[in-house]
2 protein chains.
Amino acid sequence: MKIAVLGGTGHLGIGLAIRFAALGHEVIVGSRKLEKAMGKADEYNRILQEFNYKPTIRGLANEDAAKEADISIFTIPWEHAFSTAEALRDVLRGKIVVSPLVPMEKKGKVFLYSQLEEGSAAEKLASILDSRVVSAYQNIPAEKFADISAEFKWDVAVTGDDGEAKKVVIELTNQIDGLRAFDAGPLAVSRMVESITPLLINIMIRNGLKDLGIRFG
Amino acid sequence: MKIAVLGGTGHLGIGLAIRFAALGHEVIVGSRKLEKAMGKADEYNRILQEFNYKPTIRGLANEDAAKEADISIFTIPWEHAFSTAEALRDVLRGKIVVSPLVPMEKKGKVFLYSQLEEGSAAEKLASILDSRVVSAYQNIPAEKFADISAEFKWDVAVTGDDGEAKKVVIELTNQIDGLRAFDAGPLAVSRMVESITPLLINIMIRNGLKDLGIRFG
């Protein structure tokens, strides 16, 4: 499958790009600037080679990456994601778009979930795009996930209003060792998943913990 | 410690009452009607005896239970919890009150978290009471928890604005085999914990699962 990791320069972007490429998917790293995307692709390919995988990742400007891909993952800081979505509306029409976005704010030492008017970041993304938006990956501890040699067992709650698109993302996610994906319902449920992320951060801060994900069981 | 399980006639109430009594705490089951509370206490004591624990649970009307106890747990359906809180305001003044409340609504086949004006059920409870409100136990699969012989490993996110009260609830919770409590911050974080419950229900319904709790890790 052709997967674009848009703005894929954060920890989640690295982790997804490398893992999907290692699984044999065609991964394109997107960035606002082509040079930055190509630089990142080089960097990720070196990691792949180090672990004896083929260095197949390409770098493209976000628009070209989105145009080529079957699935585009918005690994973009949430404050910038919506303007990026507006700019990519045409090239993403009818395609699968994954929202790992979590709108958050910090008050003192406490992280709070920012309730958006649309209900969640995923629903806001869906309201801007004319795409098959699926919400996933919000609760993955990104820094550890970026380390290809890391071992973990985390669950991923996947929501979306397009059942087929959701199924594709669930199957794709289950291919990654250590991740287990669950259908958690329509996009209206995404706010419950997104708000787990600031909860995890608060628990980590208060208890001196790192890399806390969730498991259902 | 003297623990009142108010309206403790649901599955969560049974599970907490029996487990705390088995640990040697003085447990009082509260109900609107004394006879109902006494009947429930008898029922729970029979279970305790069956598992070779002392049948020490007493039944009292909610007001008397709250008056006697150091800690009162609101195991009451959330729709009725706030009027009960108003009636118990005086007897609960200055005491520790635990909110396991989750405001939920069902739309079609989907469970949604009902955002209250106060931000969460725990914050609404705190706004009514003049008590040291701690939020906990929302995500415990209550039916399985009610079975004293059940084995599980679930985490409990505990929030509250009174650090000492929160510490008491965390220590109490950690005494229960299979539960692990975490300080998750102030009461403003409770909404993130409460909204995990409808998420778990949606995942169970969609995936044919039962008794799904959460683990952080």
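The structure is a predicted model. Chain B can be laid on chain A with an RMSD of 0.0 Å by a turn of 180 degrees and a shift of 0.0 Å along the axis. The two copies are thus related as by a two-fold rotation axis.

**Contact between the chains**

- The same surface serves both copies, for 100% of the contact residues of chain B recur in chain A.
- Chain B contributes 28 residues to the contact, and chain A contributes 28 residues.
- On the side of chain B that touches chain A, at least two residues each are supplied by β7 (110-113), β10 (179-183), α8 (190-194), α9 (196-207) and β11 (214-216) of chain B.
- The largest share of that side, eight residues, is provided by α9(B).
- By residue class, the side of chain B that touches chain A holds 19 nonpolar, six polar and three charged residues.

**Strand pairing across the contact and the rotation axis**

- Strand β11 (residues 214-216) of chain A pairs with β11(B) in the antiparallel sense, over three bridges.
- Within β11(B), Ile214(B) is the residue that stands opposite Phe216(A).
- Arg215(B) is the residue of chain B that comes closest to the rotation axis, with its C-alpha at 2.5 Å.

**Helix α1 of chain A**

- Helix α1 (residues 11-22) of chain A has twelve residues, which at 1.5 Å a residue should span 16 Å; its end C-alpha atoms are 16 Å apart, in agreement with that value.
- Eleven of the twelve residues of α1(A) are buried, so the helix is largely enclosed by the rest of the structure.
- Among the buried residues of α1(A) are Leu12(A), Ile14(A), Leu16(A), Ile18(A) and Phe20(A), and also Arg19(A).
- The cover over the buried residues of α1(A) includes β1 (2-6), β2 (26-31), α2 (34-50), β4 (71-74) and α6 (142-145) of chain A.
- Gly24(A), which follows α1(A), has a positive phi, near 100 degrees.

**The eight-stranded sheet of chain B**

- Eight strands of chain B form an open sheet with mixed pairing, in the order β3-β2-β1-β4-β5-β8-β9-β10.
- The edge strands are β3 (58-61) and β10 of chain B, each of which pairs on one side only.
- On average, neighbouring strands of this sheet are turned by 30 degrees against each other, direction ignored.
- Strand β1 (residues 2-6) of chain B is mostly covered, with four of its five residues buried.
- Two parallel pairings involve β1(B): five bridges link β1(B) to strand β2 (residues 26-31) of chain B, and four bridges link β1(B) to strand β4 (residues 71-74) of chain B.
- Ile3(B) has a bridge partner in each of these strands, namely Val27(B) in β2(B) and Ile71(B) in β4(B).
- Strand β8 (residues 132-135) of chain B and strand β9 (residues 154-160) of chain B run antiparallel and are joined by two bridges.
- Val134(B) has Gly160(B) as its bridge partner in β9(B).

**Helices packed on the sheet of chain B**

- Helix α2 (residues 34-50) of chain B packs on the sheet and touches β2 and β3 of chain B; the direction of α2 makes about 165 degrees with that of β3(B).
- Helix α7 (residues 163-174) of chain B lies across β5 (96-99), β8, β9 and β10 of chain B, and runs at about 160 degrees to β10(B).

How values were computed
Residues numbered from 1 in each chain as written. Chains lettered and ligands numbered in written order. Predicted model: local features only at pLDDT ≥ 70, side-chain atom pairs only at ≥ 80, totals over all residues. Least-squares fit on C-alpha atoms with pLDDT ≥ 70 in both. Contact = placed C-beta atoms within 7 Å. Nonpolar A, V, L, I, M, F, W, Y, C, P; charged D, E, K, R; others polar. Pairing = 2+ DSSP bridges. Expected span 1.5 Å × (residues − 1). Buried ≥ 20, exposed ≤ 12 C-beta atoms within 10 Å, placed from the backbone. Axes fitted to C-alpha atoms, helices over the stretch in contact; angles between N-to-C directions.
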